[in-house]
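Subject: Structure handover

Hello,

The structure we discussed is below, followed by notes on what turned up in it. Please read the notes alongside the coordinates.

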Amino acid sequence: MMLELFLRLFCAHLLADFFLQNKWMCDNKKKINKAKGWLVHILHGIIHALTAYLLVADWTCWFVPTVLFVSHFIIDVCKSVVSKDGICAFIIDQIVHVAVLIGVCRMGADSVVLSELLCNKFWVLAVSYLLILKPSSIFVNKFCVQLKNFKTNYSEIENMNLSLPQGGMYIGCLERIMIVTFIMAGCMEGIGFLLAAKSVFRFGDLQNKNEVQNTEYVLIGTFLSFSVAIVVGLLAREII
């Protein structure tokens, strides 16, 4: 019961925080000294509460969406006041949100009545695939941007190489989807073929000795992306 409730709430969190929040909302949330910033924080909190309310699907339970609205509003306002946007702030922010979800599950596990329309396996898969898409892309990007002695960010590197707009992000999402699918299907050898195929396409980028930083950046981003997908896939398979 508690596990299923957590999976639904975590799924709602991923949807609201990463897929239902656009760049306009992220930019205006930082304007905490203006009324517009506060309104966007309230709007984002309402989106979280409604998403959780819909996925929990206990229409008589107002405890869960109320707590999530208040907690998310407070956490996001505090983050906007601190004005930190690096990898550490991102990780801490997500840890605090997950801690709140766990607390809500512990307090509401006995009072929330969950429908049995969808099994735990569905929620595990939903969380896994949502997690390896935009959240993982943001994590990998923020990590790589923090690399020492590297003067450009991920998008600038893509532009220097004249690649497709956000091409690296889409490639990363696709490779993580494939890795998790391979793991869930028990085809671990598919990960090796995927890594080999990507290495072949990247070989031309690694031949220029003057592009050492770019090469290291690509390798770190690739291995980090693969590691995230493998960990998520193994955890999902273990839970199922």
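At 7% relative accessibility, D93 counts as buried (under 20% relative accessible area; exposed is over 50% and partly exposed lies in between, with a 1.4 Å probe and protein chains only). This is a predicted model, in which local features need pLDDT of at least 70 and side-chain atom pairs count only at pLDDT 80 or more, while totals for chains, interfaces and linings use all residues. Residues are numbered from 1 along each chain as its sequence is written, and side-chain values use heavy atoms, with hydrogens and water left out.

Salt bridges

The structure holds four salt bridges (a side-chain nitrogen of Lys or Arg within 4 Å of a carboxyl oxygen of Asp or Glu).

- D93 pairs with K79, with the closest N and O atoms 3.9 Å apart. D93 is in helix 5 (residues 87–108) and K79 in helix 4, 14 residues apart; helices are DSSP runs of H or I, at least four residues, numbered from the N terminus. K79 is partly exposed, at 29% relative accessible area.
- D76 pairs with K29 at 2.8 Å between the closest N and O atoms. This pair links distant parts of the chain, helix 4 (residues 63–82) and helix 2 (residues 23–29). D76 is buried at 5%, and K29 is buried at 9%.
- E4 pairs with R8, the closest N and O atoms being 2.6 Å apart. Both lie in helix 1, four residues apart, and both are buried.

Helix 1

Regards

Technical notes:
Helices (H or I, at least four residues) and strands (E, at least two) are DSSP runs, numbered from the N terminus.
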